[in-house]
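Colleague: Could you walk me through one part of this model in detail? I'd like to look at the surroundings of the ligand.

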Amino acid sequence: MLVVGAGLSGVCVSLQLLKRGCDVTLIDNQINHSSRVAVGMINPLVFRRMTKSWRVDEFMPYLKSFYKNLEKETNSSFFHAVPIRRLFSSEQEREFWLKKEKRDDFSDYMTLVDQSDYDYSAAKNPFGSGRVKESYFVDVDVLYKSASNYIKEKGSIVNEEFDFAKLHNSSYKGVSYDGVIFCQGYLNKDNPFFKDLPIDPTKGQVLTISSEEIPEDVSLNRKCFILPRGNKQFKVGSTYEWHNTTTNITEDAKNIILENLSYITEEKVKVVEQIAGIRPTVKDRRPTLGTHAEHPYYHVFNGLGAKGYMIAPLLSEEFVDYLLKGKELDKEVDIGRFVK
Ligand SMILES: Cc1cc2nc3c(=O)[nH]c(=O)nc-3n(C[C@H](O)[C@H](O)[C@H](O)COP(=O)(O)OP(=O)(O)OC[C@H]3O[C@@H](n4cnc5c(N)ncnc54)[C@H](O)[C@@H]3O)c2cc1C
């Protein structure tokens, strides 16, 4: 198989194909705009609505074994547990949490609020706070280094721009493949076969800050998240700038993030770095997986949105089962949903 794009999508799909003994050639132009900018947080809850994340009960156990196996196979360490503390923004939000924490279907993800959560004083905590169970982060630099070496060993990686003019049916530059899987993130907009899929670019910017006072043992969350990265450095983010395909960092975004941060802490912080990327998002918040209606050799795996690190491991397995064994795709992710 030929896989185009070595972000999270292309890497997960390649790893799943290799696991099943397929030949894999992965092409990437090395201008990644999302997976390597991402913070890599994995949070089972959606705080805004105080709901569980989509299919979280399936995604969580799968991603844990997927990342841990990859760590083992590549002798590396990139998958880390990090507790998240949600600082409630109002009494109403606290009441939502208190209702949900008692439900059986939330008990895997919410710790029961106790007095210590009202007394917590390492951050602004006027309404109390709740602790999330089962939250993680992926160190994206280590993941891509390890996974790329692994894929290079078992298959091949070509660093170049994919040239659509050199693609004829299932043959690319004169080499024949079983199929071509496009995993181009928001750059799907330039793909002549799949450009009509409604994948919207959502720009995001993240700061790295340093602070002497912010706690390093927890990811604090209110209006924004703070992820401790050691040596008194923290990632803070991120912005959501819809339909924006520029990749520059902006003063506006920095000020928004710092303003959001002021709801968590009054401590003076120093901005060390600012980066920007573009998430491939879809209006119905579901990824876009499937095969072109008129070109059976061309497939697409895209639209991971803002929670790629949670959903890509299992979805890539389901996608490869669909390609190799003809297993039906989840209707919610199948690109067939856009065909009138
Ligand atoms: C600021 C920010 C923070 C985020 N934080 C999180 C987070 O904490 N947790 C989380 O789960 N998700 C997060 N995300 C979302 C996550 O990054 C995405 O869900 C996911 O990484 C998308 O991966 P992808 O492989 O589909 O796309 P991409 O990462 O964009 O990868 C596509 C790849 O294809 C290559 N490509 C495209 N066209 C061509 C071509 N013609 N020839 C060769 N190569 C090509 C590109 O160069 C790129 O490497 C964040 C995103 C942003 C921007």
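Which element gives the most to the shell around the ligand?

Modeller: That's strand S20, with 4 residues; S20 covers 270-282. Before going on, a word on the numbers: residues are counted from 1 along each chain as its sequence is written. This is a predicted model, where local features need pLDDT of at least 70, side-chain atom pairs count only at pLDDT 80 or more, and totals for chains, interfaces and linings use all residues. Helices (H or I, at least four residues) and strands (E, at least two) are DSSP runs, numbered from the N terminus.

Back to the shell: 42 residues surround the ligand, where being near means a C-beta atom, placed from the backbone, within 6 Å of it. The closest are Gly-5, Gly-7, Gly-185, Gly-204 and Gly-308. Besides S20, helix H1 (8-19), strand S2 (25-28), strand S15 (199-210) and helix H7 each supply at least two residues of the shell. By class, the shell splits into 19 nonpolar, 19 polar and 4 charged residues; Ala, Val, Leu, Ile, Met, Phe, Trp, Tyr, Cys and Pro count as nonpolar, Asp, Glu, Lys and Arg as charged, and the others, Gly among them, as polar.
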